[in-house]
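Try each task yourself before reading its solution.

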Amino acid sequence: MKVFNDISLLPYNTFKVDVKVKKFIIIDDENELKSVDIDKNNYLVLGGGSNVLFTKDFNGTILKNEIKGKKIIEETEEYIVLNIKSGEIWHDIVIWTVENNWNGIENLALIPGTVGAAPIQNIGAYGVEIKDVLQDVRFFNFETKKIEILKSDECQFGYRDSIFKRSLKNKIFITDITIKLRKKNHVYRTDYGNIKEELTKRNIQALSPKVIADIVMDIRKSKLPDPAEIGNAGSFFKNPEVNLETYLRIKEKYPDVVVFKLENDKYKLAAGWLIEQCNMKGYEYKNAAVHIKQALVLINKNHATGKDIFELSEIIKQKVFSNFGVELEREVNIY
Ligand code: FAD
Ligand code: NAP
């Protein structure tokens, strides 16, 4: 455990917002959690800071997760079960699995952040979500002061949603997860985004986790700003799910509306498309902006404050609502 007082969070959030935190504690062993001195109502667990926006100084305690480790806990000819500590970097784990030819998380390559944050919003990309491979989540509960475990089907996973964003919000520290990956007979998810197109272009016949991960990484690099160069937190808003009536109303005015029919009889609209239709691609506000290539991503253009970025998100919400009557919900966690 290492403790720092009154430091800048600039290196610890991918939006590169310069705010201060009163107390910053690096946790590298789960046993430290029992004795860590925090105000239960004023603390935050931080992984890679790639899904947070700090709008002001944080006057409580940040617990920075650096608990590392990974191991195989079960293996058969068909599958492998891995236990991974929460402070591991998610993308490094994806690379480890694809290099071993284990299938299941190849579509989730290049998502920034830590393993422990992955179940929080049930990370997803290209038709795969972590819930598809997750067996259980282990965490320290600051209320009971005990380690507890939830099986995947107890985590109330939804689209960018879980129990950890709801009843367990601000109560727990995820210490490790267990995932099950396939070694054979895997059904690859290639129908999403441009994956199929890329497979044809590259004339690839035999699929492997590495082939898919390489394509996903190339597509992502071509579309998304690299947080190491331009401050951002990926998609700022969730894709809204609307009912048939709303979808038809929008389709009448915009026949080329980007929409996906969901199993629950709702219609998913692409939030990026809605923002683009408001002529906001590249829109600048104070020192923040809407990314020129992907309207769903807000960027720190030039030393923006968290407040600048938040206000920009408010303007976007208002414009989308007045044009489409659809309420955008933020995906990024605001502090
Ligand atoms: P942080 O930002 O540090 O934390 C996020 C939230 O989780 C906070 O509320 C925090 O308190 C909580 N938290 C973190 N760790 C723990 C823990 N151990 N225990 C309890 N609570 C914890 N997301 C996707 O789903 N799909 C994508 O394709 C995707 N692409 C992205 C691309 C870019 C360029 C960027 C910048 C972000 C992208 N994201 C994506 C969002 C982000 O990478 C994920 O949400 C990621 O899981 C966040 O990890 P983190 O460690 O940075 O979490
Ligand atoms: P894209 O391929 O241009 O597609 C635009 C939107 O359409 C996506 O948001 C995706 O929804 C949806 N979509 C595409 N194909 C679909 C299908 N076959 N069925 C249902 N919905 C479909 O998207 P992109 O911006 O380049 O992102 C590619 C993937 O990476 C997406 O899954 C996206 O969620 C993920 N991503 C997430 C973040 C983040 O921060 N959360 C950032 C970058 C990329 P979904 O978003 O619901 O998948």
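**Exercise 1.** Find which backbone atoms of the protein lie by the oxygen and nitrogen atoms of ligand 1 in this predicted model.

*Solution.* Start at Gly47: one of its backbone N or O atoms lies 2.7 Å from an oxygen atom of ligand 1. Next, go to Pro112, where a polar backbone atom is 2.9 Å from a ligand 1 oxygen. Then turn to a nitrogen atom of ligand 1, which is 2.8 Å from a polar backbone atom of Gly124. Now look at the cover: of the 980 Å² of accessible area that ligand 1 has on its own, the protein covers 94%. Strands S3 (43-46), S8 (124-125), S12 (172-182) and S13 (231-235) each give two or more residues to the shell. Finally, sort that shell by class, and you get 17 nonpolar, 14 polar and two charged residues.

**Exercise 2.** Work out how ligand 2 is held in view of its polar contacts, and what classes of residue surround ligand 2.

*Solution.* Begin with the side chains. A side-chain N or O atom of Tyr192 is 2.9 Å from a nitrogen atom of ligand 2, and a polar side-chain atom of Lys268 lies 2.7 Å from a ligand 2 oxygen. Two or more residues of the shell come from each of S8, helix H3 (209-223) and S13. By class, the shell has six nonpolar, six polar and six charged residues.

**Exercise 3.** Decide whether Thr61 is buried or exposed, and list its contacts beyond four places in sequence.

*Solution.* First locate Thr61 in strand S5 (residues 58-65). Its relative accessible area is 7%; buried means under 20%, so Thr61 is buried. Leaving aside neighbours within four places, Thr61 is in contact with Lys23, Ile25, Ile38, Asn42, Tyr43 and Leu44.

**Exercise 4.** Trace the largest nonpolar core and the surroundings of Ile62.

*Solution.* The core has 48 residues, and Ile62 is one of those that touch the most other members, along with Phe15, Phe54, Ile275, Ile309, Ile316 and Phe324. Helix H6 (residues 306-324) supplies the largest share, six residues. Around Ile62, setting aside neighbours within four places in sequence, the contacts are Leu9, Val21, Lys23, Phe24, Ile25, Leu44, Leu46 and Phe54. Apart from this core lies another, of 45 residues, including Leu82, Trp96, Leu150 and Val216.

Methods: Residues are numbered from 1 along each chain as its sequence is written. Chains are lettered from A and ligands numbered from 1 in the order in which they are written. This is a predicted model: local features need pLDDT of at least 70, side-chain atom pairs count only at pLDDT 80 or more; totals for chains, interfaces and linings use all residues. Side-chain values use heavy atoms; hydrogens and water are left out. A polar contact is a pair of N or O atoms within 3.5 Å; within protein, one must be able to donate a hydrogen and the other to accept it, and residues adjacent in sequence count only if both atoms are side-chain atoms. Accessible areas come from the Shrake-Rupley method with a 1.4 Å probe; for residues, only the protein chains shown count as cover. Helices (H or I, at least four residues) and strands (E, at least two) are DSSP runs, numbered from the N terminus. Ala, Val, Leu, Ile, Met, Phe, Trp, Tyr, Cys and Pro count as nonpolar, Asp, Glu, Lys and Arg as charged, and the others, Gly among them, as polar. A nonpolar core is a set of buried Ala, Val, Leu, Ile, Met, Phe, Trp, Tyr and Cys residues joined through side-chain atoms within 4.5 Å. Buried means under 20% relative accessible area, exposed over 50%, partly exposed in between (1.4 Å probe, protein chains only). Contact means heavy atoms within 4.5 Å.
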